[in-house]
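Here are my notes on this one, as numbered points. Have the structure open while you read.

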Amino acid sequence: MKWEKIIGHRENVLALRQAVAAGRVGHAYLFAGPRGVGKTAVARAFAAALLCPAPAAGEACGRCRDCRQLAAGNHPELQEIRPDGASIKIDQVRELQRVAYLTPRQGSRRVFLVEEADLLTREAANSFLKVLEEPPERTVIILLSSRPQALPPTVLSRCQVFTFRPLPVREVEEVLVREAKLAPEVAGEVALLSGGSPGRALELARGDFAELRRRACGLPGMLRQSPVLEVFRQAALLAEDRERALTFLDLLEAWLRDLLVWRETSAERLLINRDRVSLVRQEAAAYRRRDLVGLLKQVGATKELLRANANTRLALEVLFLRLAGARAGREE
Ligand SMILES: [Zn+2]
């Protein structure tokens with residue numbers, strides 16, 4: 001992975017590249033930003049620049065043995081750690097701790113990349129903190145997180161923090177047209193729903209996006225008119241796949257947001273689901289402003305719960321019950 005292949009994030013790329021070129025590399029970094037926004041791609045490009053013995057202006061050469069091993073994903077000094085099940089466990093951090101103080105077998109550096117670092121167990125985080133307090137020489141640790149606020153402040157304070165912001169919709173659209181071969185008008189819609197995250201947008205484009213979106217737009221109306229058993233059935237169905245449930249919640253959020261936008265402005269051009277204007281108009285009339293604001297908050301909270309690995313089915317049931325109960329003129 002080379003810097004020039006990275007989409008967006010120009011300031012972060014420039015700063016990291018300059019750090020490599022100037023030989024001013026820190027011991028620990030935190031890349032914070034939404035899922036799929038490009039943190040891992042930047043971390044891998046950074047690792048390549050750190051492990052290549054002959055970088056040019058902070059960019060890996062792409063030709064040497066190290067670069068070839070990096071491209072093949074088997075460089076011995078780049079170790080990627082990701083959650084084992086629902087968390088990063090103490091044993092994983094102990095192994096990192098053991099390896100980190102050894103002299104690199106190949107080249108002059110070693111890089112650890114810790115995905116979803118906010119899922120360190122408390123015990124694991126304490127152990128990890130010890131490594132950060134006595135940083136091993138020649139080792140660079142890069143933590144990635146979409147929920148940096150969930151990391152212990154003691155860990156945060158020892159990292160150089162780089163914040164990754166959502167990309168402009170237009171840039172995500174370009175990625176979709178180029179990589180997923182979407183037609184421009186479909187790409188525009190998916191890009192809007194991705195929240196500026198190209199990884200997320202590609203997932204949406206590859207999955208059963210159209211079907212999931214149809215269900216998300218229909219769900220609030222359906223639940224308001226269904227027996228309560230249907231709430232539990234829908235939640236159970238969706239809970240089978242957590243990643244898919246998260247996509248569904250993004251789509252549901254976009255839908256509720258459209259209902260709110262319509263209530264407040266009646267401006268078609270501001271809608272994400274522009275192809276469903278008549279359903280937007282009809283559904284928006286079924287809610288008060290504060291119902292929709294409350295529901296949007298609840299969807300956000302549910303997404304947060306799912307990302308934190310709470311019980312998916314339970315979290316969805318609570319949300320869907322609320323959806324079933326929310327309607328104009330009725331107190332909850
Ligand atoms: Zn190289």
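1. Let's start with the largest pocket, which has a volume of about 790 Å³. Its lining counts 32 residues, and those closest to the pocket centre are Gly36, Val37, Gly38, Thr40 and Gly199. Keep in mind throughout that this is a predicted model.

2. Which elements build that pocket's lining? At least two residues each come from α2 (39-51), β4 (139-145), α7, α9 and α12. The largest share belongs to α9, with 6 residues. By class, the lining of the largest pocket splits into 15 charged, 10 nonpolar and 7 polar residues.

3. In what order do its strands run? You can trace β2-β3-β4-β1-β5, an open sheet of 5 strands with parallel pairing. At the edges sit β2 (78-81) and β5 (160-163), each of which pairs on one side only. From one strand to the next, the twist averages 15°.

4. Helix α1 (residues 10-22) packs on this sheet, where it touches β1 (28-32) and β5. The direction of α1 makes about 150° with that of β5.

5. Glu80 has Leu113 in β3 as its bridge partner.

6. Last, have a look at helix α8 (residues 184-193). Which of its residues are buried? The buried ones are Ala187, Gly188, Val190, Ala191 and Leu193. Their cover includes α7 (169-179), α9 (198-206), α10 (209-224) and α12 (242-265). Of these, α7, α9 and α12 also supply residues to the lining of the largest pocket. After α8 comes Gly195, with a positive phi near 65°.

Terms used: Residues numbered from 1 in each chain as written. Predicted model: local features only at pLDDT ≥ 70, side-chain atom pairs only at ≥ 80, totals over all residues. Heavy atoms only, no water. Buried < 20%, exposed > 50% of the residue type's maximum accessible area, 1.4 Å probe, protein only. Helix = DSSP H or I, 4+ residues; strand = E, 2+ residues; numbered from the N terminus. Contact = heavy atoms within 4.5 Å. Pairing = 2+ DSSP bridges. Axes fitted to C-alpha atoms, helices over the stretch in contact; angles between N-to-C directions. 1 Å grid on protein atoms, 1.4 Å probe; cavity = no way out; pocket = protein on both sides within 12 Å on 5 of 7 lines; lining within 4 Å. Points joined across faces, edges and corners; volume = space filled by probe spheres on them. Nonpolar A, V, L, I, M, F, W, Y, C, P; charged D, E, K, R; others polar.
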